[in-house]
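Please read it alongside the sequence and coordinates.

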Amino acid sequence: MPSALETRGLTMTFGGVAAVDGVDFTLGRRELRCLIGPNGAGKSTFFKCLTGQLRPTAGEIRIGEEETTGWDPHAVARLGVGVKTQVPSVMDGLSVRENVWLSAHRGHGTAAARAATDAAIERLALGDIARATVGRLSHGERQRVELAIVVAAAPTLILLDEPAAGLTSEEVGRLAEIIGALAREAAIVIVEHDMQFIRTIASVVTVFSQGRILVEGPVEDVMRDRRVRDVYLGRKG
Amino acid sequence: MSARPQLRGTLLALAAGAAVLALAPLVAETYTLSVLVIYAILALSLGLIWGFGGILCFGQAAFYGLGAYTYAVAAINIGESTLPVLLGIAVPFAFAFALGAVMFYGRLSDVYLGVVTLVVTLIFFRFMNATAGPAFAVGEARLGGFNGIPGFPILNVPGHPRWEIYDGAFYAVCAGALLLVYGLVRWLLASPFGRVAVAIRENEGRAELMGYDARLRKTVLFAVGGGIAGLAGVLYACWAEIVTPGLFSLAQSAEIIVWCIVGGLGTLAGPIIGAVVLGYAKFLLGQQSVIDNTLILGAILVLSVLLMPRGIAGVLAAAWARAPRRARRARGRPRAAHRLRSPDRA
């Protein structure tokens, strides 16, 4: 059985700088993985290569059984890849419901879109604000809308870039529950800084540093790793 | 939003539009009204792609002129008007599709898109001006350079070349065409295609991450706008009974943009109202020679942008929303003004 996601020697250079440098990464089916690392470690660039927003300089990407290196974002999305970007990417001028419907329509077709929309709105507890215009909502609500967009398409691989950023502790708690439930349906990769949050969803962690994978393992082991502390605190090993 | 209020809103709008169009001949000549209705169709074409697709096309006149020229050339060669009318829509549609594909698949940004469409219009303008002489002919039809093509057969009852449609009947055809186009555009915008088009306008990156191919969808929408502009061109050709390179002029393109801005972008009623109001103002101003026409239209544009940022349609919708609830209920359903503009809001 193929893995949900696999990269081999994935490299992305800007000018002479390698933001992602020969990354070999494998994610199993229904696996939940967190990516951590200091700012500029290449996590978001790595994500953008996976989604097709950036075309990698070298290496290859496999999603499920397809090799998707160099594909356009819409083609990658059609394989069942749901993406939450670092800054919430939503349609500000449209209602919450319309945002979610647009995603459900792509994933399920016109006939089943309404039911999928209702389900996603219910799941993210957006019922009260379903008719509101997204541009007028708070940051936390917009984060939830974007998650509902991801969920509504019933993806098999979910990429979440800092889903907990700017949320209250209560919201983070709810988010952890939702992610826990999603992990039973899909493979998930989460880029996150919030260590408390990562401990809550307790998973395998991959640490990025300077475009490479520094260490990979269960969260407690990684936290004790001296090299990880060094890169986070900026010490030279 | 469910389909039923959408349908009801569309039917209401169509009924109101039909009533206005039927009563209009009481206050103005059908000859003048016909061209105003043609302008309205033209404005609708840009209102669709700009207001809902977010594609600012500086060269909508290119498709308008292309439709008019295609009709004129085909009518001279064929005689009976049915096929020329269809060609007058199909050729600009196909041309807009090809041009759109180049621009959208080339990932041109908004500014360059404006420049490219502007230049295409200028090329048409220069080329048509340079087509004097017998060398420039399509079949029987001479393109005629600066003087254009006069004396082609005008619209006739399908299948009966001798039953020409003019005056009141021609106005009825134009009015019917406007209602038909309006209804089709409303339907298009309420369909999944239209909703995704608005989503792409709102956030192209997100639409692509959802799995929608923004390039293809923008190309199709652009082509539909081109086809509608072509229809307006066909009707204009039949109205004026001559086509000249002036159809491709920069002034013509700019005028369409001004109609949309003054009328209210992001609505369908707005561009129609803008075209009719400004078109009629231009007609009245053309009858005097004290002040320069374009100066006044320019002043109207500046004032309307400053005083009515959402255009005439925006002002009307706001007035409607402020009207006492009882009055609204008496007139039908509450908040109909909002629904008129949905799924869009801006």
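## Helix α9 of chain B

What should the 27 residues of helix α9 (residues 214-240) of chain B span, and how far apart are its end C-alpha atoms? At 1.5 Å a residue, with the expected span taken as 1.5 Å times one less than the number of residues, helix α9 of chain B should span 39 Å, and its end C-alpha atoms are 38 Å apart, which agrees.

This is a predicted model, in which local features need pLDDT of at least 70 and side-chain atom pairs count only at pLDDT 80 or more, while totals for chains, interfaces and linings use all residues. Residues are numbered from 1 along each chain as its sequence is written, and chains are lettered from A and ligands numbered from 1 in the order in which they are written.

Because 24 of its 27 residues are buried, α9(B) is largely enclosed by the rest of the structure; buried here means that 20 or more other C-beta atoms, placed from the backbone, lie within 10 Å of the residue's own. After α9(B) comes B:E241, whose phi is positive, near 60°.

## Chain B as a whole

Chain B has 15 helices and six strands, assigned as DSSP runs (helices H or I, at least four residues; strands E, at least two) and numbered from the N terminus. Of the 346 residues in chain B, 46% are buried.

## Contact with chain A

The contact takes 18 residues from chain B and 21 residues from chain A, two residues being in contact if their C-beta atoms, placed from the backbone, lie within 7 Å. On the side of chain B that touches chain A, α7(B) gives the most, with six residues.

Definitions and conventions: Buried ≥ 20, exposed ≤ 12 C-beta atoms within 10 Å, placed from the backbone.
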